Structures are given as C-alpha cells and as structure tokens.
Amino acid sequence: MKISLKINGQDLTAEVAPTTLLVDFLRSDQGLTGTHLGCDTSQCGACMVLVNGDAVKSCTLLAVQLDGAEVTTIEGLSDGETLSPVQEAFREAHGLQCGFCTPGMVVSVTDLLAKNPNPSESEIRHWLEGNICRCTGYQNIVKAAQMAAEKQQAA
Amino acid sequence: MYEFDYVRPTTLQEAQDLVGEDKKLLAGGQTYMPTLRQRLAMPELLIDLNAIPVLHGICEADDRISIGAMTRHAEVASDGLVRSKIPGLASMAGGIGDPAVRHRGTLGGSLANNDPSACYPAAVLALNAVVHTSKRSIEAKDFFQGLFTTALDEDEIISHVTFPSVPCAYLKFKQPASGFALAGVFACKLDDGFRLAVTGAGQEGVFRWQQAEAALNNDASFGDFKSLALEPDMIEDVHADADYRSNLVRVAAGRVVAQLREQLA
Amino acid sequence: MSKTVPNQSIAGKFGFGQPVRRVEDTRFVTGHGCYSDDVALEGALTGYVLRSPYAAGRIVTLNVDDARDAAGVHLVMTGEELQKDNTNHLKCGTLVKQPDGSTMYEPQFPVLAVDRVYHVGQAVAFIVADSLNDAKNAAEMIEFDVEESDAAPDFCTALDAGQPKVHDAVAGNRAFEWRHGDQSASEAAFAKAAHVVELTLINNRIISNPMEPRIAIAEWDEETQKLTMTANTQGGWPLKSRLAKDFLKLPSEQVRVVTPDVGGGFGTRAFPCPEQPMVCLAARALKRPVKWVAERSENMLTDLGGRAHLSTARLALDENHKITGLDIHLRADLGAFLSDAAPFIPTGAMLKVATGVYDVPALNVLVEGVYTNTTPVDAYRGAGRPEAIYLMERLMDKAANSLGQDRVEFRRKNFIPTEAMPYTAASGTTYDDGNFNLVLDDVLTRADWAGFEARRQASAAKGLKRGIGLCYYIESTLGAPNETCAVTFMGDGKLEFTVGTQSNGQGHETAFAQLMADRLGVDIDQVRMIQGDTDRIPTGGGTGGSRSMITQSTAINGVADQIIEKAKALAAEDFECAVEDMRFEAGELSVAGTDRRTSIMGLAEKHPGALDDTATTKIRDNSYPNGCHVAEVEIDPETGQTQVVNYTIVDDFGVLLNPMLVEGQVHGGVVQGLGQALCEQVVFDEGGQLVNGSFMDYAMPRADTMPHMDFHYTEEVPCTTNDMGAKGCGEAGSIASPAAVINAMIDALKADGIAELDMPATPQAVWRALQKAA
C-alpha cells in the first residue's frame with residue numbers, strides 16, 4: 001500500500017505491506033536505525049518516536065497507519081551537527097551508558113518538556129514509566145531532563 | 001505477524017459495512033498490536049478507526065459528558081470538562097499505562113476488550129455510563145459480560161460513551177511489571193447511592209462490590225472494609241494470590257472512599 | 001618499569017581524574033550508534049529457533065520435511081546432523097575438582113537437542129529463511145513430539161531424595177561437590193562458641209535483561225574460507241577460538257569476531273550461546289549471511305540466568321561477640337547444562353570474598369552444584385561476590401539483632417583493622433589494603449544514621465514503618481591480569497590505540513582516551529580507541545569481573561612509557577644531543593636548558609611508524625574495592641509496599657580516572673541490586689514452564705520506583721596492586737544494595753516480630769510476613 005508522510009522534515013512516499021511495523025519501516029526501509037527494538041510486548045520504550053508531536057511506540061503502530069503523518073525520529077532531533085538541548089543534556093549529565101534505550105529516552109523527554117516545560121523530579125520519573133533502562137539506574141536520566149528544562153527555559 | 005489486509009475508512013458507515021468475522025477493528029492498538037505480533041490473532045482485514053472524525057472528541061450534552069470512542073487516554077486526562085465534572089475519570093485515564101500508551105490508547109478500545117485488569121471498565125460500571133454503538137445504546141450493567149467478553153456483536157462499533165457529571169475518585173494498586181491494576185476501585189455516588197466498581201481482582205472481570213455499597217448507603221462514614229465479604233473469586237497469579245488481592249481491594253476501597261468523601265463534602 | 005603514580009603535573013589538565021564527557025555519546029544521542037542489528041548486510045537470511053515447550057523428556061518425533069519445503073526456507077538444521085559432525089557441544093571452561101580429586105562430570109550441552117530435551121526453551125531446530133515470517137511459518141510445520149517425563153525445575157528441592165533426574169548420569173542432580181577451608185578447625189570453633197547464629201536464605205534467580213537482545217550474525221567468505229561473526233559480546237576472543245575449534249573445525253585465523261556497539265552485557269553476554277554456532281554453520285552451508293535476533297520473550301526464556309543460590313550460613317562468636325568461625329553451605333542452580341563459567345561462580349568466585357571485611361579465623365565452605373530442568377545459569381554482575389556479600393551481611397545483621405548488639409558496632413568490632421593490611425583471609429584472598437572505619441564513619445554521617453529514630457517516629461505518625469540498614473561490602477576484581485595496548489600514529493596529528501577490553505556501555509572510549517591523552521600530553525580528540533575486532537586486535541581479556549580499568553590502563557601506561565622513551569631517543573637524534581638531555585612534558589619533547597622542542601605528534605609525523613608500539617602488561621594482583629551503602633525504607637503495612645526513601649553510598653575505588661563514569665556504574669549496579677531485592681524473580685512452575693517471561697510479568701526497576709542515590713567516594717586508600725591505584729568499580733553497586741535494603745526492611749519490621757525476609761521482598765511477601773507475625 002502506498003503511504004505519503006513526512007519523516008524528520010522530509011516528505012516521502014513509499015510502498016509498504018500492511019503488516020510492516022513502523023519501527024521496521026524506519027529501520028529497514030529508511031535506514032534510520034537510531035530507533036531500537038527492545039521488547040515484544042510494547043513496554044520498553046526503546047522504539048519511541050514522535051508522531052504528530054506525540055511520543056509513541058513505533059513497535060505498536062503499522063507503517064500504513066502513518067499516511068499523512070509527521071514523524072520525528074531520534075535522528076531528526078539534531079540539526080546537522082548541532083544537538084538539541086535534550087540531546088546535549090543527556091551527554092552533559094551522563095544520562096546514558098550503553099545507549100540502547102537512549103533514543104527512546106531522548107524522544108520521551110523531548111515530548112515531556114514540550115508539554116510540561118518545568119517538571120518536578122516526580123513528574124519526570126512518572127513520565128519515564130514507559131522507558132526501561134538497565135544501565136543507568138535512571139538518576140542521571142532525570143538529571144538530564146532537569147538540565148534540558150533549564151537550558152530550554154534559559155533560551 | 002500473520003498476513004492481513006488493511007483499510008482506513010473515514011466514516012463510521014464505511015467501518016460498519018466492513019466489520020465482521022475475521023474483519024477486526026483497530027483502535028489505539030496498545031493491546032491488539034502486541035497480540036498480532038505474538039501471532040495470537042489471525043484477522044483477514046484490519047479496519048483502522050483512527051481516521052473517523054466523528055469518533056473523537058469530548059463534549060457536554062444534557063448534563064452528561066459524551067466522550068468519543070477513539071478519544072485517547074491523554075485527552076481524557078487533560079480535558080478541562082472531564083477534570084472539573086468527572087475528576088476521578090480524568091485522574092484514572094492519566095494513570096493508564098505510560099505517556100506513549102496514553103497518546104494512542106482509547107476508551108472504546110479498552111471497553112471492547114474488557115481486560116479484567118483494565119481501568120476503564122471500573123469507571124464505566126461505577127458511573128453507570130451508557131455505551132452508544134453503531135446499533136444501540138447499552139447500559140454499563142449490561143455491557144460487561146465476563147472475562148474479555150462484552151455485549152457487543154461482532155459487527156458492532158462503539159461510537160461514544162456518555163457519563164454523568166459527579167464527584168468521583170479512582171485508586172489503583174499497580175501490577176509492577178505491566179502497570180495494569182492488581183486492584184483498582186472506582187467510587188462515586190449516584191442517585192441510587194454509593195457505587196464501588198472493582199477491576200484487576202475478579203476472575204470474571206470488573207464487578208460492583210455490593211456489600212461495600214450497602215454498608216456505605218447504610219452509613220456514609222463506614223470505613224471497616226476488612227469486615228465485609230468480598231464475593232467474586234479473586235484472580236490468582238504470580239503477582240498476587242487471592243488473600244493479598246482481596247486485601248488490596250479492601251485497602252483501595254477504604255482510601256478511595258475517603259477521597260470521595262472529601263469531594264462530596 | 002611503569003610509573004608508580006600518574007603524572008601529577010598534568011593530572012587534571014588533560015583529563016585524568018576529570019569527569020570528562022563521553023566521546024561515544026554524540027553518536028548515541030543522535031541515533032547513530034551501530035549495534036549488531038544496525039549493521040547493513042547484503043543478501044542476509046533470517047534465522048529462527050524452534051524451541052522445546054517441554055521441560056524434560058525423550059524426543060519421539062522431529063520431522064522437519066515440510067518446513068524444509070516451505071516458502072522462503074533455505075535450510076533447517078537439527079541436532080542429528082550436528083551430532084554426526086561432532087559440532088554439537090558447547091563446552092564448559094571451568095569444570096571444578098571435587099574433594100576426592102576427580103573432575104566433575106560434564107553432560108553434553110548441545111547446540112540443538114538430540115534424543116532428549118532438558119528445559120523449556122531448549123533449541124530443537126534452526127530454520128533459515130528469507131524473512132522472519134517465512135521462518136516462523138515454517139516452524140509451525142515442524143512435527144515435534146516428546147514423551148514427557150517429570151521435571152525438576154526448583155533448585156531448592158532438586159537435590160532431595162526422589163526428585164526426577166535431570167541427567168541420567170548424575171545421581172541426585174548433584175553436579176559437583178566442592179569444598180574449601182578447614183572443616184575440623186571450623187567445627188572446633190563452633191563447638192566452643194559462646195554464640196552460634198544461623199541463617200538460611202535464597203539469592204533469587206534473575207534475568208539480566210540488557211536492553212539489547214541477544215544477536216548473532218555470521219558471514220562466510222567462500223574464497224578465503226573465512227567466517228566473520230558479528231555479535232554483542234564482552235570480548236570476542238574466546239568465541240573466536242570456540243567457533244574455530246569446536247564448530248567450524250578451522251584454524252582460528254579463519255574466524256573473525258566483530259563486536260560493534262553493545263546494548264548492555266552484565267556478564268550475560270560474555271559466554272558462548274547455541275545460536276552462535278548455528279548461524280556460523282548455516283552461513284557456511286548456504287554461502288550467504290545469516291542473522292539471528294532474539295525476541296524479548298525468547299531472550300527472557302533463554303538468556304543465561306543469574307544468581308539462584310540456596311545458602312545456609314553459620315557464624316560462631318566468642319563471649320565478646322568476635323567472630324571465631326564461619327560455615328557456609330551453598331546450593332547453586334546451574335540449570336540443565338553447564339554454561340562456560342557456571343561452576344566457577346558459586347565456588348572460586350564466591351570464595352574470594354566469602355568472609356567479607358571481617359576477621360574470620362576459621363572458614364568452612366561446602367558448595368553443591370545443582371542441575372535443574374531450566375535454562376543454564378552463569379555469571380551476572382558481580383558473579384559470585386554479590387552472593388557472598390549478601391549472605392555475610394544478612395548474617396551479620398541477624399547476629400547483631402539476635403544478640404541485642406548494635407549493628408554498626410558489632411561490625412566494627414570484627415573489621416579487619418587497617419594495621420593488619422595486607423591481610424590474607426581464610427578464603428585465601430589477600431586484601432592489599434582497606435580502611436573500613438574511614439568509609440563507615442563517612443557514610444554514617446552522610447546518611448545521618450544517628451538521627452534515624454526521629455525519622456522513624458515521623459513515619460510512624462503517618463502509619464508507615466521506617467527502617468535503616470547497611471551493607472559493608474568488599475569485592476574482588478577477576479579476569480585475566482594481562483592486557484595489551486597497540487598504538488598507531490596516523491600521521492595527521494592523531495593516533496589510534498587498540499584495547500583488549502570490550503565496552504558494553506561503560507564508557508571505555510572516553511576513559512581510556514582520557515588516560516592515553518593524559519599520558520602523552522595531547523588533547524582527548526587526538527586519540528581514538530579501537531575495540532571489538534579480533535582481526536585487528538589479536539588478543540584480549542575482554543570485559544568482566546570489573547577488570548577493564550585496571551588491566552587496560554596498566555597496558556596504556558606501559559605502551560605510553562615505551563613510546564615516550566622511543567620519542568626521547570628519536571628527538572635526541574633529531575636534535576643531535578644526548579638522550580639524557582631530552583625532557584618530556586605536556587606532550588612536548590625538549591632539550592633541557594634550551595628552547596629546542598618538538599611535539600610528540602610532530603615527531604610522529606616526521607618519522608612515520610617510528611613511534612608505533614605495543615605493550616603487554618600484567619597487574620600484580622586483583623583489586624579489592626569496598627564500601628558501605630546505607631538504605632532507608634518506608635513500608636506501608638496495609639499493602640506491604642516499600643519505598644526506598646534514602647540511599648547513601650561511600651565507596652573506596654582507590655584513585656578514580658573519571659568520577660562521572662564511576663558514579664554511573666554505581667547507580668546502575670545499585671538499581672540492579674534493588675530490582676533483585678524488591679521486584680525481580682524468574683518464576684518456573686512445577687512443570688518447568690517459565691511463568692513470567694516478558695516485561696508484562698517480569699518487573700524491572702523503572703524511573704518511578706527507584707530512589708535518588710547519594711554517591712560519595714574516598715581516594716584515601718589507593719590500590720597497591722596496579723600502578724594506577726585504581727580499583728574496579730563496575731559490579732560493586734549490585735554487590736551492596738541487596739543486603740542494604742533487605743537489612744533496612746527487616747529493621748522496619750522487626751518490632752512486628754519479623755527477623756527474616758527473602759528476596760524479592762515484594763509487597764505481597766512483606767504483607768504475608770506481617771500477617772504471619774500478627
């Protein structure tokens with residue numbers, strides 16, 4: 001089936017089978033391997049992308065459902081060489097170790113701050129319920145979210 | 001996944017004309033997509049409801065709040081009308097899953113599935129909401145018919161659900177892996193008295209705790225939920241046995257009724 | 001001869017000791033990391049494993065004919081073919097010796113099952129097809145029947161009389177008996193002890209669940225007869241030689257293992273798994289690349305398990321409450337087969353710190369390995385040391401509580417005094433140094449241990465039970481003491497250096513670059529670390545046992561020393577002066593007393609290849625990181641739910657190269673330990689079926705359930721067994737947190753008569769304990 005959508009600001013048209021998951025379309029068809037597959041029960045959040053501005057799990061969407069939609073993946077959050085404030089904050093705060101959950105975390109935090117620019121620690125931790133990390137113990141991810149919030153407010 | 005065809009109608013009528021045996025509706029997908037990925041279902045056709053405008057939206061009509069079947073949990077949680085008029089419903093929706101789930105998951109999808117641990121059935125049953133479909137209107141008491149079973153025909157589509165505007169509260173003890181309810185109690189007071197609906201605990205799905213309702217109707221300050229019988233057979237699984245689950249139901253009831261009392265005062 | 005202290009004059013300037021931000025992060029935060037599944041492959045086929053749904057029994061039918069003919073299928077491999085070719089055995093590298101001198105028996109750990117199945121999830125057939133869907137469709141056509149027999153899935157009962165046998169050749173499911181210590185001295189100590197305290201506990205089985213699933217990709221080059229494997233390993237060299245020798249029957253130069261970015265290892269990724277030979281043999285047979293990726297539920301069912309010990313420990317004390325003896329009886333679940341390091345974890349590894357930080361005159365240890373009809377178990381973060389410390393620290397608290405002693409003072413009384421260092425414990429381990437009172441005093445102050453009672457009362461007023469507990473841990477780093485570093489100057493002002501370790505997220509690209517840059521006096525972006533390719537890097541000890549920092553930094557120091565000497569000699573020639581007149585400082589070589597100078601990079605450019613060098617070094621001994629964690633909890637007695645409300649850490653890791661990375665390792669380890677203590681457990685039913693094999697039912701720590709951690713460290717006790725003065729930090733967090741939090745919970749509940757609590761101390765477990773005590 002034919003779909004037309006925007007990915008990271010670029011318009012594109014593609015032929016996809018109905019059973020193609022969005023995550024597989026992004027990774028295999030589009031070569032955007034930054035979005036990761038970490039589980040099979042839609043719970044780990046490693047596959048998160050922004051669809052029409054909302055963070056969603058790309059393993060739980062069919063590519064065919066994205067006709068007419070705007071998708072932003074982790075690759076689309078930086079502007080060329082310039083990192084977004086959230087990406088910069090993750091690096092600054094050591095909010096990642098192996099990096100596998102990181103694309104989902106960054107997308108999730110990006111969405112949080114768009115909706116709640118000055119979240120409390122508790123609000124950050126609750127927002128991240130759907131993002132599992134096995135390496136960091138979450139503390140520096142929370143710190144990254146707080147730093148990013150400050151960066152964005154200062155800007 | 002097994003192979004299937006896909007269609008995305010833009011009107012309810014189109015969807016109605018298509019739905020039937022092996023031709024399944026796709027709402028938020030938060031339950032159905034994992035089911036398909038694990039090869040636990042083999043539909044021939046998936047009918048995507050996400051592009052039908054009439055199924056979305058929240059409005060007030062005749063003192064009741066109408067919520068479209070495809071309205072996302074995040075929308076219900078943040079909607080001003082719901083937050084002020086049915087506060088327990090908004091806070092309940094805001095606790096379903098995680099933000100990504102709430103951006104896609106829907107009221108209609110949750111009700112049609114009737115997962116015994118889902119939150120919405122408790123709200124709908126307690127509030128005596130009415131489920132409006134492509135064919136008829138079904139009262140909450142007739143809608144839930146057992147584990148993963150509802151009154152819906154195979155070709156019937158929920159269009160919207162209407163709720164009364166009343167003080168209400170919800171409290172859920174979460175299963176620590178899935179985030180579903182180990183015990184979730186929705187409490188409100190309608191014209192016919194206190195209503196407590198329990199999810200996550202009963203083997204046949206959501207139920208009203210009649211003994212607790214009777215005790216409260218008898219004495220609105222009642223608080224000794226431990227003394228009451230809890231009749232339906234409790235779900236037993238690796239997370240909670242029957243005793244612990246009943247305990248959680250009792251504790252949740254006590255705490256949520258206390259919250260309701262504050263609202264009623 | 002290596003330097004004995006880091007160059008103080010440039011310390012700090014070029015990065016040593018600084019929380020330098022990671023160089024690898026730029027690619028990770030922008031989605032440009034390259035994990036094994038991201039590697040683009042032309043013409044790759046997809047592998048899928050058909051797995052046994054039965055825990056035990058004899059294979060009656062395995063008919064793959066229809067599957068072989070199915071659409072898109074290129075190959076279906078079974079155990080029968082592999083058995084014929086003698087390529088069906090994953091060998092164990094750590095068989096232990098038993099008290100009678102015999103080596104334990106090793107049952108065949110097959111790649112694909114033959115004759116019998118031994119656990120749910122055991123690989124039965126391997127299908128290679130055009131797509132995963134094709135492979136799964138074909139799998140459904142395979143006729144697989146088993147005459148089921150009774151299973152013994154529970155390691156707590158598998159040794160009991162009358163239990164079903166996992167392996168015909170192994171009586172009573174006892175894989176081995178292993179002893180250490182002086183049994184008669186121990187018995188004498190217990191006989192005359194003033195007090196004896198006994199504790200039986202379970203160290204619960206968990207799954208490590210790195211976020212990246214297990215994956216193996218094989219490519220075969222028919223022309224060069226070479227196999228390239230891409231996989232998420234913790235160092236590809238052992239896998240390379242295994243694949244070459246045991247499966248492909250090739251000289252090892254014909255096998256290359258590439259390890260790209262890895263999404264978490266935790267020990268689980270260090271050992272061979274059956275799918276690795278499967279993809280290799282398939283790729284060679286088909287002359288096309290074959291890729292296999294575990295789905296998460298498959299990963300949960302078939303990844304190596306961790307922990308799973310049932311232990312009874314007894315402490316003998318004299319009338320002054322000083323320890324006179326320790327007796328340990330440990331039963332360790334090995335699963336159905338022996339994974340590579342499995343017998344070593346509960347024996348040699350555990351033993352290293354079996355006596356903790358205490359002066360224990362007499363030690364007696366008996367370990368029994370137990371076969372069960374479950375997935376094999378092997379090392380998981382800490383590998384034997386968390387099990388030892390959890391047991392010891394729980395026992396110390398029980399001893400103090402049951403004797404009415406203060407838990408802190410009781411420990412102090414029994415500490416190995418600093419003056420006694422280096423101290424050889426009854427375990428045979430020699431701790432080089434340690435100042436346990438220094439660390440303990442610090443953490444007690446920071447945790448406001450003294451002010452706890454007031455906080456307990458404030459919680460009680462809210463109907464909550466509050467408790468505080470501590471764990472003083474010591475750990476022993478493990479692994480090969482040798483390591484190599486090879487430096488190549490690129491001629492453009494930059495250099496590349498290879499390492500024999502393998503980062504799975506620890507930040508090696510930054511830490512080692514920091515050190516190299518610091519030693520050679522260049523900027524961190526002038527040096528680039530190379531890892532993960534057995535062709536490019538001929539040997540390496542891999543990452544595990546918290547060895548990476550100390551061994552690799554020793555090799556980096558070694559090669560830097562050599563390069564500086566070579567540079568001085570070369571510059572002396574250029575400047576036509578005596579070598580003794582050459583100075584090296586901050587990246588520059590200069591003739592003493594003159595302004596004649598050149599940069600080391602400039603020198604390298606001028607003399608291509610002349611400064612390239614390799615060093616292989618060896619650390620003198622393992623290091624002994626130690627520390628004290630204090631956990632404070634609040635328990636809701638109505639639901640049993642527990643919040644960790646404070647968590648304070650003071651660690652002694654000697655000298656720290658990058659404190660930011662160290663803290664990150666501790667955070668991650670602590671939370672893994674809290675997960676084990678509060679919510680994680682692998683549950684098998686009586687039939688050996690895994691009950692909680694997905695994230696729907698296996699509860700992982702999440703951001704909203706885990707506490708803020710207050711981390712501090714002391715650098716007052718540098719390590720004396722390597723020239724960096726560093727002690728490995730990767731596993732310490734997971735070693736300390738289980739006992740800290742369980743001791744805190746028991747503290748909260750002891751007024752209700754609860755003296756013991758097993759992990760995971762879930763809300764239901766706590767509630768049940770309270771009901772029972774009432």
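User: What makes S1(A) and strand S5 of chain A count as paired, and in which sense do they run, parallel or antiparallel?

Analyst: This is a predicted model, and in it S1(A) and strand S5 (residues 70-72) of chain A share two bridges in the parallel sense; because a pair needs at least two bridges, these strands count as paired. Within this pairing, Ile7(A) lies opposite Val71(A).

User: How do you know that strand S1 also pairs with strand S2 of chain A?

Analyst: The two strands, residues 2-7 and residues 10-15 of chain A, run antiparallel and are joined by six bridges, and since at least two are required, they pair. Ile3(A) stands opposite Ala14(A) of S2(A), while the hairpin has two residues between the strands, and Asn8(A) there takes a positive phi near 50°.

User: Why is chain B called as compact as a globular protein of its length?

Analyst: Chain B, which holds eleven helices and twelve strands, has a radius of gyration of 18 Å, close to the 18 Å that the globule rule gives for 265 residues, so the chain is as compact as a globular protein of that length. Its C-alpha atoms fill a box of roughly 55 × 45 × 30 Å along the principal axes.

User: What share of the residues of chain B count as buried?

Analyst: A residue is called buried if 20 or more other C-beta atoms lie within 10 Å of its own, and 53% of the 265 residues of chain B count as buried.

Notes. Residues numbered from 1 in each chain as written. Chains lettered and ligands numbered in written order. Predicted model: local features only at pLDDT ≥ 70, side-chain atom pairs only at ≥ 80, totals over all residues. Helix = DSSP H or I, 4+ residues; strand = E, 2+ residues; numbered from the N terminus. Rg over C-alpha atoms; globule rule 2.2 N^0.38 Å. Buried ≥ 20, exposed ≤ 12 C-beta atoms within 10 Å, placed from the backbone.
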